[in-house]
Amino acid sequence: MALSANPPSAPTPSLDGKTAIITGGSSGFGLACAKILPTLGLSHLILGVRSVERCEEEAAFIRKANSHTKVDVWELDMLDYCSVRAFATRCETLPRLDMAVLNAGVNKLEFKRSPATGHEEVLQVNYLSTALLAILLVPLLATTRPQDSPGRLTIVGSAMGLHAKFPERNSVSLLPALDAEWKGVSAASERYSVSKTLVFMLVLKLSQLVKAEHVVVNTVDPGFSASTSFSRDVTGALRLVLGALHAVMGRTAEQGAWTYLDATAVKGKETHGSFLANWEIYPFHAMMYTEGGKRTMEQLWNETIADQEAYGVREVLAAFRR
């Protein structure tokens, strides 16, 4: 995959009158995107973050620089289904919702479980809670948008998801297998990669349930940046390796943020159910095009819905099909 830091020249989108959500908007690509959106005329920006207090300083800066944009900071803990459900319920009070960028994610070097759900943390944040929030937001994006344009849902992915080994796909039950304890840098990298393969599967499944005329659902790889929290959290030799990679092929936070905007505000219905990388539509993990991969996707979807049944997902999905 040839890398290009800057997008091909394209019309700058106008977001006048629109409302957008960004999760994980307190740092990195998410914060950079939050700073760009008001400059395009956005009327209302909601930042979904774990620490409202920490994010308020950045939000104050955005408000001061863009008086025409209302900026709200709402609590969202992606380790806790109850927090995700509460955030989605709060979103239901919005008079309109045009776009959502689900950017919140983690990359852990040590195995940990979510105290709230018992699931492994990377699985919980990058896939399970992201899936729950996506399912709950789709009806709002579909029904509160202007009739002449679809709502937009972009979930942040990664090209690392193309290379996951994903041996758990052969398990009788996927989620328990994915919750199994792992150890070491190699296993940590594989876990992050698998979580992004699961995001690919989620985007493809959602695109089969909602029409592009109502909501365009896609996923995008923002590229690598040393300025993100993922890179800042590593130490030692691995930090040196990441620094060298960034010098050769890295993007600034602002450049990465523009990949979000390209996916959610520039490109159109042709990206529904697609993975965007380096400004173009790119194939998913090769496994997803096999019969076995299709069975895995269906199994993952069924287990995910069963795991989240208490949070109203079946009722929401039933509404999709009407």
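**Figure 1. The pairing of strands β1 and β4.** In strand β4 (residues 99–102), Val101 is the bridge partner of Ile22, and β1 and β4 pair in the parallel sense over four bridges. Strands here are DSSP runs of E with at least two residues, helices are runs of H or I with at least four residues, and both are numbered from the N terminus; two strands pair if DSSP finds at least two bridges between them. This is a predicted model, in which local features need pLDDT of at least 70 and side-chain atom pairs count only at pLDDT 80 or more, while totals for chains, interfaces and linings use all residues. Residues are numbered from 1 along each chain as its sequence is written, and side-chain values use heavy atoms, with hydrogens and water left out.

**Figure 2. The sheet as a whole.** The eight strands form an open sheet in the order β3-β2-β1-β4-β5-β6-β7-β8, and the pairing is mixed. The edge strands, each of which pairs on one side only, are β3 and β8 (280–282). From one strand to the next the twist averages 25 degrees, where axes are lines fitted to C-alpha atoms, for helices over the stretch in contact, and angles run from 0 to 180 degrees between N-to-C directions. The protein chain has 11 helices and eight strands, and 55% of its 322 residues count as buried, a word used for residues with under 20% relative accessible area, whereas exposed means over 50% and partly exposed lies in between (1.4 Å probe, protein chains only).

Figure 3. Five bridges join β2 to strand β1 (residues 19–23), and the two run parallel; Gly48 of β2 is the bridge partner of Thr23. Between β1 and β2 the chain passes through helix α1 (residues 28–36), and this β-α-β crossover is right-handed, meaning that, with the strands pointing away from the viewer, the path from the first strand over the helix to the second runs clockwise. Six bridges join β2 to strand β3 (residues 70–75), again in a parallel arrangement, and Leu45 stands opposite Val71 in β3. The crossover from β2 to β3 goes through helix α2 (residues 52–65) and is right-handed.

**Figure 4. Helices lying across the strands.** Helix α2 lies across β2 and β3 and runs at about 170 degrees to β3. Helix α3 (residues 81–91) lies across β1, β2 and β3, running at about 150 degrees to β3.

**Figure 5. The surroundings of Leu153.** Leu153, which lies in strand β5 (residues 151–156), is buried, with a relative accessible area of 0%. Leaving aside residues up to four places away in sequence, Leu153 touches several residues, including Ala100, Leu102, Val138, Leu206 and Val217, where contact means heavy atoms within 4.5 Å. Leu153 and Met99 are 54 residues apart in sequence, yet their C-alpha atoms are 5.8 Å apart in space.

Figure 6. Six bridges join β5 to β6, which run parallel, and the bridge partner of Leu153 in β6 is Val217. On to strand β7 (residues 274–277), four bridges join β6 in a parallel pairing, and Asn218 has Ser274 as its bridge partner there.

**Figure 7. Salt bridges between side chains.** The whole structure holds 13 salt bridges, each being a side-chain nitrogen of Lys or Arg within 4 Å of a carboxyl oxygen of Asp or Glu. Glu298 and Lys205 meet in one of them (3.1 Å, N to O). Glu298 lies in helix α10 (residues 291–307) and Lys205 in helix α6 (residues 185–209), so the pair ties together parts that are 93 residues apart in sequence. Glu298 is partly exposed at a relative accessible area of 37%, whereas Lys205, at 15%, counts as buried. Another salt bridge joins Lys294 and Glu291 (3.7 Å, N to O), which both lie in helix α10, three residues apart, about one turn of the helix.
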